[in-house]
Amino acid sequence: MTWLITGGAGYIGAHVVRVMAGAGERVVALDDLSAGHAARLPEDVPLVRGSSLDGELLKRVLAEHEVTGVVHLAARKQVAESVAQPTRYYQENVGGLATLLDAVAEAGIRRLLFSSSAAVYGNPDVDLITEDTPCAPVNPYGETKLAGEWLVRAAGQAHGIATTCLRYFNVAGAAAPELADTGVFNIVPMVFDRLTRGEAPRIFGDDHPTPDGTCVRDYIHVADLADAHLAAARRLADPDVTGDLTLNIGRGEGVSVREMITVIGEVTGERRTPLVEGRRPGDAPRAVASAERAAAELGWRARRGVPEMVSSAWRGWQLHHGS
Ligand SMILES: NC(=O)c1ccc[n+]([C@@H]2O[C@H](COP(=O)([O-])OP(=O)(O)OC[C@H]3O[C@@H](n4cnc5c(N)ncnc54)[C@H](O)[C@@H]3O)[C@@H](O)[C@H]2O)c1
């Protein structure tokens, strides 16, 4: 098979490219480099610079590289930006997907993997979120991921494409420093940012209904996430596999913000007492995946823990931010 990996120069996409190419799959990356870096890609993986909104380009790339499966990661992913620019998020995340699905159907491609997110669930009041927990996204970003899942399923049914939607929980870490996330949108880089400025990390609310009062999340090492993509791609490559599948990709273990800040203090040697501020509107007290369906369907489980996520992310931070 040859896999087209859209968003392949991004943080997660570059890890997926590396794991799939390293496992002997033929891969080609497509990225408009709006948030990605070409240097993240191995030299022997072709990078097509262009957008998933460009249908003619997509058709050409699928034909020229004789693509037989697609992993679609290209998207905009910032919640606050999606609240400020909802039409842009629908156009790029849903419109880009529709354009891609048309090209995929026209090329007769029968396998597609879609990057979804735990954001599709919103804030469910459950101990473990299963794939059957009702979806109720609370921002336009999450809405575009849920609409994307619907579109993937509908197009899969219409055109006989076997599809898989992976709902990632909180992604952290790096398989190598040069692959690290360079954005400062998630807790780990946000705390690094505060610490390297000599400021105390911030906690938004310590009066949530959780054991230590701070929000609990399910963190997953990006290298484990990339392994899950390989397992899902290999499952899809089986000609007997049809229909759609939706899987949570998490560890199934909750870690509180306070616990995460403690690990970051241990790894960086910067132990500062966090500043407790008010709760942020819309923050769920707890969001932890049930990881059982992914284990059953893919034979995959996350192997790396939070200290490994933080120490690998820290090496990446030092490389990119020069401290
Ligand atoms: N990082 C997370 O915690 C997380 C969690 C859940 C889901 N996701 C999803 O995973 C995917 C990858 O996220 P990431 O963290 O690697 O983000 P990222 O911004 O690092 O990667 C996205 C990549 O897609 C490219 N891109 C964006 N729009 C494009 C377009 N229209 N055409 C071509 N390329 C385009 C960007 O240049 C970038 O390289 C996204 O779909 C995101 O919504 C991420």
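Guide: Happy to! UniProt positions are given in the numbering used here, with feature names shortened, and annotations may be inferred rather than shown by experiment. This is a predicted model, in which local features need pLDDT of at least 70, side-chain atom pairs count only at pLDDT 80 or more, and totals for chains, interfaces and linings use all residues. Residues are numbered from 1 along each chain as its sequence is written.

In an unreviewed entry, UniProt lists residues 3–240 as "domain: NAD-dependent epimerase/dehydratase". That span is 40% helix and 18% strand, and its end C-alpha atoms lie 18 Å apart. Helices (H or I, at least four residues) and strands (E, at least two) are DSSP runs, numbered from the N terminus.

A residue counts as near it if the C-beta atom, placed from the backbone, lies within 6 Å. Of the 30 residues around the ligand, Gly7, Gly10, Ile12, Gly36 and Ala75 come nearest. Elements giving two or more residues to this shell include strand 2 (26–31), helix 4 (86–106) and strand 5 (111–117). Helix 1 supplies the largest share, three residues. By class, the shell has twelve nonpolar residues (Ala, Val, Leu, Ile, Met, Phe, Trp, Tyr, Cys and Pro), 13 polar (the others, Gly among them) and five charged (Asp, Glu, Lys and Arg).

The open sheet has three strands in the order 12-9-14, with mixed pairing; two strands pair if DSSP finds at least two bridges between them. Strand 9 (residues 216–217) and strand 14 run parallel, joined by two bridges, and arginine 217 has alanine 287 in strand 14 as its bridge partner.
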